[in-house]
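Good morning, and thank you for the time.

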Amino acid sequence: AVRPVALLSRVVDFCYPGTCANCQGHAPGKATLCDPCGAELKQQESAPACDRCAMPLAELDAPCPYCDDKGVHPFERILRLGVFEDPLKHLIHQAKYHHRWPLAEFLAERLTNQERVKELLMETEVIAAVPLHALRHIKRGYNQAEILARRLAKLNKRTFVKPAVRLRNTETQTHIHSHAKREENLRDAFGLVNAKCIRGKHVVLVDDVMTTGATLKSFARCLKDAQPASLSSVVIAIADPRRRGFEII
């Protein structure tokens, strides 16, 4: 026999069906995604990736052909939820540009369910988000990276901190495809304002998407002056800077 609460839930779901945040199809109950999109996201999450640079691997624990297992200086580790493809790509765009900031919290929860992310955050003392420039923050109304970071901090009982600010309202990296130009665009983009909150501590930096790593590296260079014990990063997605589906060149 079906319990009354379960029956009521089915009736409500039938009368007021949920909508998938990716494909706009039917999502059961209060689920964010429909079953097919949820399965696609789970497949993205379980795909092998390098724990040093977050790039895709052919198989679990295989040598990384992108960073040669050396990682991305000055980070000890960079972890991600998946690659920048749908449904993850669409969810990030919705959270970032269409005021659906609760999706950032949903993705932070998915990150927390990753064992490698849990292990990293157990060794972490403070979590910081890549800051937006004040003008862009006002225009957008929120910083999606900060929402991610705050949620990760709360879920993992860690301290969220703001050690730096964005000094220049730089051109969005989306429109810049050259690695050198991305680096130049972010030169001296951040300024340290609270060194004490990260000095001598294990720090994790949070952003939504990493392409060439220019933003994270610029932010990290700024924070190194505070002499943290270590720097690692967690991002939602890794994008191929060459737009070739991560083909090895």
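Accessible areas here come from the Shrake-Rupley method with a 1.4 Å probe, and for residues only the protein chains shown count as cover. On that basis, the protein chain has an accessible surface of about 13400 Å², and carbon and sulfur atoms hold 52% of it.

A word on provenance. This is a predicted model, in which local features need pLDDT of at least 70 and side-chain atom pairs count only at pLDDT 80 or more, while totals for chains, interfaces and linings use all residues. Numbering runs from 1 along each chain as its sequence is written, and side-chain values use heavy atoms, with hydrogens and water left out.

Let me turn to the overall fold. Helices (H or I, at least four residues) and strands (E, at least two) are DSSP runs, numbered from the N terminus. The chain contains nine helices and nine strands. Buried means under 20% relative accessible area, exposed over 50%, and partly exposed in between, with a 1.4 Å probe and protein chains only. Of the 249 residues, 49% count as buried. With contact meaning heavy atoms within 4.5 Å, 71% of the contacts with a separation of 6 or more join residues 24 or more positions apart.

Which strand is largely enclosed by the rest of the structure? It is β9, residues 230-238, because nine of its nine residues are buried. Two strands pair if DSSP finds at least two bridges between them. Strand β3, residues 78-83, pairs with β9 in the parallel sense over five bridges, and Arg-80 stands opposite Val-235 in β9. Strand β8, residues 202-210, is also parallel to β9, over eight bridges; here Met-210 has Ile-238 as its bridge partner. From β8 the chain crosses through helix α9, residues 214-224, to β9, in a right-handed β-α-β crossover. Right-handed means that, with the strands pointing away from the viewer, the path from the first strand over the helix to the second runs clockwise.

Finally, two individual residues. Asp-61 lies in the loop between α2 (35-46) and β3, and its relative accessibility of 70% makes it exposed. Its C-alpha atom is 8.1 Å from that of Ala-49, 12 residues apart along the chain. His-93, by contrast, belongs to helix α3, residues 88-97, and is partly exposed at 29%. Neighbours within four places in sequence aside, His-93 contacts Phe-84 and His-98. The C-alpha atoms of His-93 and Asp-208, 115 residues apart along the chain, are separated by 9.9 Å.
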